[in-house]
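Thank you for coming, everyone. Please take a moment to look at the sequence and the structure before I walk you through a few of the rings.

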Amino acid sequence: VLQILLSSVRPTLRFAAVRTLSHVAHVQPMLVAKVNEDLETLIGDSNRSIATLAITTLLKTGAESSVDRLMKQINTFMNEIADEFKIVVVDAIRNLCVKFPQKHRMLLAALSTFLREEGGFEFKKTITDAILEIVTVLPDAKETGLLHLCEFIEDCEFTLLSVQILHVLGVLGPTTSTPSRYIRFIYNRIILENATVRASAVSALTAFALQVPELAPSLRTLL
């Protein structure tokens with residue numbers, strides 16, 4: 001029945017069908033994969049919400065070879081959809097990183113781009129949480145992901161997210177191959193931000209000083 005509704009002339013029925021399939025794909029991706037050809041036809045749907053759900057469902061059910069093509073199509077209209085559907089895209093990308101770890105650089109770059117675009121707190125928090133999960137699950141993604149988060153806090157309007165990221169930098173930054181690369185980003189928060197963020201930045205730098213002895217003298221000067 002859902003497969004038939006995907007080709008309905010009524011947008012509401014197409015939307016209901018693809019949204020239901022998107023939910024089912026979370027638990028039964030192989031089952032939903034049987035209608036991938038029908039979902040492909042919805043990528044060009046004039047209703048961007050339908051097109052977004054079609055692409056994200058295909059990301060859950062498709063092969064690794066289709067990821068690059070689908071991501072390019074998503075990037076063409078991310079600015080045209082509501083935050084609710086942007087969050088669906090971010091969740092799909094997070095799951096893809098775990099499913100296809102060799103794609104993590106491209107997918108993290110996409111998430112970083114989304115962070116720099118317009119969006120509300122929930123959208124930005126979903127992206128931040130996704131990157132943090134990826135760097136925790138995939139060791140090879142840790143340094144790339146942390147640098148993307150460093151760039152985000154350079155112009156982050158949400159205190160809670162800045163504090164969350166600074167805490168993670170204090171925990172994971174000292175364990176990276178080049179801990180010193182994160183110091184500038186953290187120190188800038190002491191100079192430019194409100195008291196709450198400044199306190200988090202001081203705490204993060206203190207963690208670096210305690211865990212990376214060669215950085216301790218210069219950090220004592222900064223603090």
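**Domains and aromatic pairs**

The protein chain is divided into domain 1 (1-62) and domain 2 (156-222), with the bounds coming from an automatic or database domain assignment, and the C-alpha centres of domain 1 and domain 2 lie 44 Å apart. Please keep in mind that this is a predicted model, in which local features need pLDDT of at least 70 and side-chain atom pairs count only at pLDDT 80 or more, while totals for chains, interfaces and linings use all residues. Residues are numbered from 1 along each chain as its sequence is written, and side-chain values use heavy atoms, with hydrogens and water left out.

Now to the rings: the structure holds 2 aromatic pairs, where rings of Phe, Tyr and Trp (its six-membered ring) pair if their centres lie within 6.5 Å, and planes under 30 degrees apart count as stacked, over 60 as edge-to-face and the rest as tilted. The rings of Phe15 and Phe85 are edge-to-face, because their planes stand at 85 degrees, with the centres 6.0 Å apart. This pair links distant parts of the chain, with Phe15 in helix α2 (residues 11-27) and Phe85 in helix α7 (residues 83-99), 70 residues apart; helices here are DSSP runs (H or I, at least four residues), numbered from the N terminus.

Terms used: Helices (H or I, at least four residues) and strands (E, at least two) are DSSP runs, numbered from the N terminus.
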